[in-house]
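Subject: Structure handover

Hello,

Here is the structure we talked about. Please look it over first, then read my notes below.

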Amino acid sequence: MSPRSLWSSSLLLSCSVLALTLPAHAQTSDTTTTPASTLLPETKQAKKAAASPSQGTTGQGAARSTDQASRTSFDGDQTAPAPVEATHEEHIIVNARLDEIRSALQSSTGATTYRFTRRDIETNPGGDNAPLNTLLLQAPGVAQDSFGQIHVRGDHNEVQFRLDGVQLPEGLSVFGQALMTRFAHSASLTTGALPSEYGFLQAGVIDITTKNGSADPGGDASIYGGARDYFFPSLQYGGHAGKWDFFATGDFVHNRVGVENPTPSFNAIHDLSNQYHALGHLRYTADENTRISLTGGVSNAQYQLPNNPGQQRQFANPSFLDSALSQQVYGSVDSASLNERQKEITDFGILSLQKDMGKVSLQSSIITRYSSLGYSPDPLGDLVYNGISQHAARSVFSTGSQTDVTWKATPKHTVRFGYQVYVERNSSKTDSIVYQQTGAEDDGTPIYDGSTTNVHDGSGRTGWMYGLYAQDEWRPVRDLTINYGLRFDGVDEYTHSKQVSPRINIVWRAWRGGVLHAGYSRYFTPPPFELVANTSLSKYVGTSNEPQTLQNNTVKAERDHYFDAGVTQSLLPGWHASFDAYVKLAKNMIDEGQFGAPIILSAFNYRRGQVNGYELSTNYEHGPLSLYGNASWSRAIGKDITTAQWTMDPDDLAYIQHRWIHLDHDQRWTASAGGSYSFFYHTGHPTRISASMVYGSGLRADGTVPNGRSVPIYATFNLSLVQSFRDLFRVPFLKRTELRLDVLNLFDKTYEIRDGSGIGVGAPQYGLRRTILTGISQRF
């Protein structure tokens, strides 16, 4: 079946489901009251919370109380009830019930789920102003990298993002966060042996429950900023009228910390960034069983790439030194004064139908995403230092459909099935200026006389990938759950392959407050379509950009065996702890690296790979006090790079062919901790102080062998102080006012994230030095 016919069929199926499940007659009233007897227990709690908001919550709308819930769980049946603050209680009750039904569609039974409530988001230093990756670093097994990347359980970047259960196709964003923390009402990170409904990217599933007009009504305007020209205004507003509710937010970010500093200095050279974000959510609740929602977002980010002074010119051979071009540029081109820039754009939209029909419920969605990245070089500087000055542009347009269905077949069997399909168009174009080789020294060193040549290269490909799944959640006895299923995935892009993947998870509530779990999942991970391009290597032969090897096998899909087991225990009321262990055995393990001046990642495969590790997590919640801590140990190794070999050093390829090495993103120890306390939380002017810590034993760097050592260990601390006032200005339409002070890297720790060496590492990067930021926000 062709991509076009498959997409047409899936679109027709989604539209048919929409037509069949919409109510035949419009309701006469604006909202429909759900009888109390039909509400799930969590919905009744949400109704109760609506009448009495949590005293310990200072954010907009009260988050669900976490005093009796662990952040980490193994049973995906727990759902986040809808929140609290609204004027039409019936509207809240209906949407709370539909939210619970939607959460049940995405069961993560047997996997490990770490949850961030609205309270957790707000108490994280920076709150809604903090990038999403800084929040995720507080979860166990998450290691930080440069360009805002995170690594979950030793995988490079195989993390999928979902909005209200709908998966977003991959994009090209490297530095920026296309998804804003401010848009999230709550979030979760699910890892481990995932059930069969999760496909394609399986190291971690980040599911964001978006804000909406009934859960987060009213507006909020804020200004945030401080050191390094940091200026961050934002605006959000939500509301509902009858069967409609909406939420929208937008911001502008201006600062001089867009990309990590390549030096340990306090301020980077040439690091200005301007970023625009806008996200919106519109819902129509037709009746108590039917809801249609539209979610969209835009992100536009422009970056200066920071300079590293004192770099050695790579093309200063004797012949070049005597050339006219050398005389022209050597006195004016300095590595501290280069002007390299990069622009990233991401747009996406999701149209979803949710329908409950008693024993059967479903959500069917149409998804589209456009992502582009453009790099502009310093015309002379890149040529002198790298031997190539290249304008690079890459884009990917993805359109797809996702449907998830839950059927409560019997009291002991809950069957889930569905599909995902994406049609994608990838394009890549480069225009390069390179030196022309005119000869060679006796030892083979190329000679360039300063003359240049232009090389144009471009490619495009349309492809598709798809996945089908079915699973049964079986409860043979009261405290035992077995979730088993099959998934069939295929990819027809640069590579062509398929796989049937069995999965099984067992969850046993063995004793009071204790839960054991174990699982196995077979994984199939297509190579990232947007990071694979048909580079015409022959065009660069005889130039200063000639690769050391012309071997360039196509990147393959990764195939894994994944094993996971763990235990969670309630130690005391409000105090929970968990332990988890995992092993992944990989064939054609996918890794990514930066090769060349443009910060565009490229994918490649290790023929074999192994990842294993352990995680320990604990949290305590009681009234105004919240504490948590996580620690993890991980080892990720690979052998024999079999694709995209032209990006590698031949000596490294030869060494790795028969030997295991650490992956460049392997970090042995990772830890995070934090806490918050609210003073005067019974009053209308609570004061909250919170802190967080991130520890890393260091990512890998070259030693005597590739990736043979790690950069030094580090630990950074962040501190936050938030003062809230109720009716500070005594104006009827103005509500809560909030003042905040955040100190990032409190002790001004100088630490390396990368030192510029390692497989696929392009340049050194240092973490952010001490940064003091302040802000004010006003609810209305």
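The expected span of a helix is 1.5 Å times one less than its number of residues. Helices (H or I, at least four residues) and strands (E, at least two) are DSSP runs, numbered from the N terminus. By that rule, α3 (residues 89-105) is a helix of 17 residues. It spans 25 Å from its first C-alpha to its last, close to the 24 Å expected at 1.5 Å a residue.

Some ground rules. This is a predicted model, in which local features need pLDDT of at least 70, side-chain atom pairs count only at pLDDT 80 or more, and totals for chains, interfaces and linings use all residues. Residues are numbered from 1 along each chain as its sequence is written, and side-chain values use heavy atoms, with hydrogens and water left out.

Confidence

pLDDT is the predictor's confidence in each residue, from 0 to 100. The chain averages 86, and 86% of the residues score at least 70. Residues 2-68 stay under 50. The model still has 123 contacts for that stretch beyond four places in sequence, contact meaning heavy atoms within 4.5 Å. Residues 76-87 are also below 50, with 44 contacts beyond near neighbours in sequence. Where pLDDT is low, the predicted coordinates should not be read in detail.

Buried means under 20% relative accessible area, exposed over 50%, and partly exposed in between (1.4 Å probe, protein chains only). Of the 17 residues of α3, 13 are buried, so the helix is largely enclosed by the rest of the structure.

Strand β2 (residues 112-116) is mostly covered, with five of its five residues buried. Which residues point which way from β2? Thr-112, Tyr-114 and Phe-116 go one way, and Thr-113 and Arg-115 go the other. In a regular strand the side chains alternate between the two faces of the sheet.

Two strands pair if DSSP finds at least two bridges between them. β2 has an antiparallel pairing with β1 (residues 72-73) over two bridges. There, Thr-72 is partnered with Tyr-114. β2 also runs antiparallel to β7 (residues 184-191), joined by five bridges. Phe-116 has Ala-187 of β7 as its bridge partner.

Strands β23 to β25

β23 (residues 575-594) and β24 (residues 601-622) run antiparallel and share 19 bridges. Lys-587 is bridged to Arg-608 in β24. β24 then pairs with β25 (residues 625-641), again antiparallel, over 16 bridges. Tyr-620 sits opposite Leu-627 in β25. Two residues separate β24 and β25 in a hairpin. In the turn, Gly-623 has a positive phi of about 55°.

The loop between β21 and β22

Thr-543 lies in the loop between β21 (514-525) and β22 (558-572). Is Thr-543 buried or exposed? It is buried, because its relative accessible area is 4%. Its side chain reaches the backbone oxygen of Tyr-540 at 2.7 Å. Setting aside neighbours within four places in sequence, Thr-543 has contacts that include Val-434, Tyr-435, Tyr-448 and Thr-453.

Pro-547 is in the loop between β21 and β22. Pro-547 is buried, with a relative accessible area of 13%. Not counting residues up to four places away in sequence, Pro-547 touches Leu-537, Tyr-540 and Trp-646. The C-alpha atoms of Pro-547 and Leu-537 are 7.4 Å apart, with the two residues 10 apart along the chain.

Best wishes

Methods:
A polar contact is a pair of N or O atoms within 3.5 Å; within protein, one must be able to donate a hydrogen and the other to accept it, and residues adjacent in sequence count only if both atoms are side-chain atoms.
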